[in-house]
Amino acid sequence: MRQSRCVGRSSRSHYSGQQHLHDTPTPKPKTKQEKVLCTASQYRAHGCMIADPAVTPLTSPHLTCHRPPYPEPQIPLCSRVSLASPNNMGSDFKAIPLIDISPLVEKIDDPAMAGDEGLLDVVRMLDDACREAGFFYVKGHGISESLMTEVRDITRKFFHLPREEKLKIKMTPQSGYRGYQRVGENVTKGKPDMHEAIDCYTPIEPGRYGDLAKPMEGSNLWPDYPSNFDALLENYISLLRDLSRKIMRGIALALGAPLDAFEGGVAGDAFWVLRLIGYPISDDIPQEERTDIGCGAHTDYGLLTLVNQDDDICALEVRNQSGEWIYAKPVPGTFVCNIGDMLKVWSNGIYQPTLHRVVNNSPRYRVSVAFFYESNFDAAVEPVEFCREKTGGVAKYEKVVYGEHLVQKVLTNFVM
Ligand SMILES: N=C(N)NCCCC[C@H](N)C(=O)O
Ligand SMILES: O=C(O)CCC(=O)C(=O)O
Ligand SMILES: [Fe+2]
């Protein structure tokens, strides 16, 4: 089955003519952008949705997606309409771009390299991706594929432990919402999600942010088994924080902002969140607890998310403006990145977070490890002046204190 590529600029570029990248018009990327194709409805129709490797050589030819026909999810008409509102603008992208960010990773910390051609190519691709899909894959990020696999494997090992063992690190309000949650305890828009997870957050000492952070104060609950869990994850977190800082430097340049726009008071002390997530096989969930969605449609809360997902299961779906769900199918060794609510506010909507959800209809248990790079916990994020100027001069969003946004989500995300 051969598919046509859809790489044209689209309605998401609704500020067309606008100049960015330090006010030089954006030329076509010199480096060819690669795109990963997979629409959920085609996938369902054909059972296997692998783009022709001759067209998109980066898709995984080895990937076999066993998927029974799956009905379109029941999204009420009214929310379909509201999802298409300008607040959830997304272009009619059919594919998610894949960006080799190695020039950025290698050069972005050297101010003398800010004009480097390879780096500017990456910056242009980030700009396109953030305007269009709001999602992109990164390769050349410097994190070894073996570490990415090890992190997923240790997560899988934990989730395969007996329930009593997992409940030793149970998340509760007393634990600052840190720890293990069972399938169905996380809810999205009132509906239980079919995933289990361990949630970890930047540790918060009592009193650190006054009343603001009270519900989330504490340190993380790591399991005793597998034995090197905490050491492995702490190393992984520190690598992903640094990688995210670099990608945010690239995104700052893409917006035409100073390199360090997401440092200092905005994200110089970036709060991080790590979710280790397991999506069981549907048949393994008792029928009376079962819903059809692994994680309901949502946007992420902060600046940038990096998802390390299993190599062999298509389950993460990203919504385009027409309401089609496009698969972020696995591309081994890459992270799937997406932008969050704080970047929307800061950029006055130039970059918008995209709705996404997870449906595991495969016959395999799926693991993903999502790292969220956020603003400073106490950052008051509001549209910056130069982004307002580029978008008609009026602030489209009110000021948000990131920590308040997070705490409000955390307090309503769980039924325990
Ligand atoms: N930290 C982040 N971004 N977690 C995303 C979880 C999304 C599902 C959640 N129940 C919700 O409704 O937001
Ligand atoms: O499991 C995934 O692929 C994504 C999970 C996700 O979107 C989230 O936790 O915010
Ligand atoms: Fe998400």
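This is a guided tour of a predicted protein model, to be followed with the structure open in a viewer.

**Before you start**

Residues are numbered from 1 along each chain as its sequence is written, while chains are lettered from A and ligands numbered from 1 in the order in which they are written. Since the model is predicted, local features need pLDDT of at least 70 and side-chain atom pairs count only at pLDDT 80 or more, whereas totals for chains, interfaces and linings use all residues, and side-chain values use heavy atoms, with hydrogens and water left out.

**The whole protein**

Begin by showing the protein as a cartoon, where you can look for eleven helices and 17 strands; these are DSSP runs numbered from the N terminus, with helices (H or I) having at least four residues and strands (E) at least two. Of the 416 residues, 58% count as buried, a word that here means under 20% relative accessible area, with exposed meaning over 50% and partly exposed lying in between (1.4 Å probe, protein chains only). If you switch to a surface, the protein exposes about 16,500 Å², of which carbon and sulfur atoms supply 53%; such accessible areas come from the Shrake-Rupley method with a 1.4 Å probe, and for residues only the protein chains shown count as cover. Among the contacts (heavy atoms within 4.5 Å) with a separation of 6 or more, 79% are between residues 24 or more positions apart.

**The iron ion**

Next select ligand 3, the iron ion, together with the residues that coordinate it, which are His298 through NE2, Asp300 through OD and His356 through NE2, at 2.1 to 2.2 Å. Donors are N, O and S atoms within 2.8 Å of the metal (3.2 Å for Na, K and Ca), and because water is not among the atoms, sites may look incomplete. Along the chain, the donors of the iron ion follow the spacing H-x1-D-x55-H. Are His298 and Asp300 buried or exposed? His298 has a relative accessible area of 18% and is therefore buried, and Asp300 is buried as well, at 4%.

**Ligand 1**

A backbone N or O atom of Val187 lies 2.8 Å from a nitrogen atom of ligand 1, a polar side-chain atom of Tyr301 is 2.5 Å from an oxygen atom of the ligand, and a side-chain N or O atom of Asn413 is 3.2 Å from a nitrogen atom of the ligand. On its own, ligand 1 has 370 Å² of accessible area, and the protein covers 93% of this.

**Ligand 2**

Move on to ligand 2, whose surrounding residues include Ile277, Tyr279, Val307, Leu316 and Val358, along with His298, Asp300 and His356. The shell divides into six nonpolar, three polar and three charged residues.

Select Glu317 in strand S11 (residues 316-319), which is buried at 0% relative accessible area. The side chain of Glu317 makes a polar contact of 2.7 Å with the side chain of Arg357; a polar contact is a pair of N or O atoms within 3.5 Å, and within protein one must be able to donate a hydrogen and the other to accept it, while residues adjacent in sequence count only if both atoms are side-chain atoms.

Then find Cys387 in helix H10 (residues 385-390), a buried residue at 0% relative accessibility. Leaving aside residues up to four places away in sequence, Cys387 touches Leu255, Trp346, Ser347, Asn348 and Ile350.

Finish at Lys246 in helix H7 (residues 229-255), which counts as buried at 12% relative accessibility.

Terms used:
Near = heavy atom within 4 Å. Nonpolar A, V, L, I, M, F, W, Y, C, P; charged D, E, K, R; others polar.
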